[in-house]
Amino acid sequence: MKIGQADERALLEGMVDIQRDEINAILEDLDDEEARRGLVPSLTTPLALVKHATFVEKVWFHARVAGVSRKAIGLPDTVDESFLPDPEDTVESVRAAHRAACERSREVAAGRELDEQFEWHGNSVTLRFIYAHMIQELARHAGHGDILVEQIRAGR
């Protein structure tokens with residue numbers, strides 16, 4: 001079935017998956033030095049964007065939806081920390097970790113109803129909201145990545 005003709009669930013899952021693929025593709029054709037290159041004053045680098053997207057998957061699906069504590073998952077305490085690559089991180093290791101987090105997120109969400117509710121800062125949000133939030137968050141960061149990669153490739 002084409003995504004434009006899908007039911008609501010398939011549409012939301014499909015759109016999130018498109019953005020997940022766009023995030024992972026940020027690191028395609030970059031070497032480890034290029035992926036760590038800082039071109040803006042923030043912590044944002046191509047590698048950092050994919051690491052942060054992995055963090056976002058784990059916060060929303062692994063912790064919030066699955067109910068596993070952030071500590072048990074090994075999540076950093078702050079969003080800023082989620083952008084910091086470890087010295088041993090490579091393009092391939094970060095891409096693999098992102099793909100694994102996305103796969104786990106799919107497993108966690110499978111079989112749950114779009115109207116199922118989850119706690120978020122003292123409020124309730126539905127799985128539908130989480131999908132919509134993920135689409136916009138990942139799309140924004142994919143766009144950031146596109147610009148950074150364009151600058152890196154122009155400087156080669």
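1. Met15 is partly exposed, because its relative accessible area is 32%; buried here means under 20% relative accessible area, exposed over 50%, and partly exposed in between, with a 1.4 Å probe and protein chains only. Met15 sits in helix H1. Helices are DSSP runs (H or I, at least four residues), strands are E runs of at least two, and both are numbered from the N terminus.

2. A quick word on what you're looking at: this is a predicted model, with local features needing pLDDT of at least 70 and side-chain atom pairs counting only at pLDDT 80 or more, while totals for chains, interfaces and linings use all residues. Residues are numbered from 1 along each chain as its sequence is written, and side-chain values use heavy atoms, leaving out hydrogens and water.

3. Met15 also belongs to a nonpolar surface patch with Leu11 and Ile18, and together they have about 220 Å² of accessible area. Patch members have over 30% relative accessible area and no salt bridge; like charges are joined within 9 Å, and nonpolar side chains (Val, Leu, Ile, Met, Phe, Trp, Tyr) within 5 Å. The areas come from the Shrake-Rupley method with a 1.4 Å probe, and for residues only the protein chains shown count as cover. A salt bridge would be a side-chain nitrogen of Lys or Arg within 4 Å of a carboxyl oxygen of Asp or Glu.

4. Still in helix H1, have a look at Gln19. Gln19 counts as buried because its relative accessible area is 15%. Leaving aside residues up to four places away in sequence, Gln19 touches Ile135, Leu138, Ala139 and Ala142 (contact means heavy atoms within 4.5 Å).

5. Glu137 is in helix H6, residues 127-154. This one is buried too, because its relative accessibility is 9%. With residues up to four places away in sequence not counted, Glu137 touches His52 and Val56.

6. Now the backbone. Asp29 isn't a glycine, yet has a positive phi of about 70 degrees. You'll find Asp29 in the loop between helix H1 (8-25) and helix H2 (32-36). Asp29 counts as exposed because its relative accessibility is 55%.

7. His121 is another non-glycine with a positive phi, about 50 degrees in this case. His121 lies in the loop between strand S1 (117-120) and strand S2 (123-126), a hairpin with two residues between the strands. S1 and S2 pair in the antiparallel sense over four bridges; pairing requires that DSSP finds at least two bridges between two strands. Trp120 has Asn123 in S2 as its bridge partner. His121 counts as exposed because its relative accessibility is 66%.
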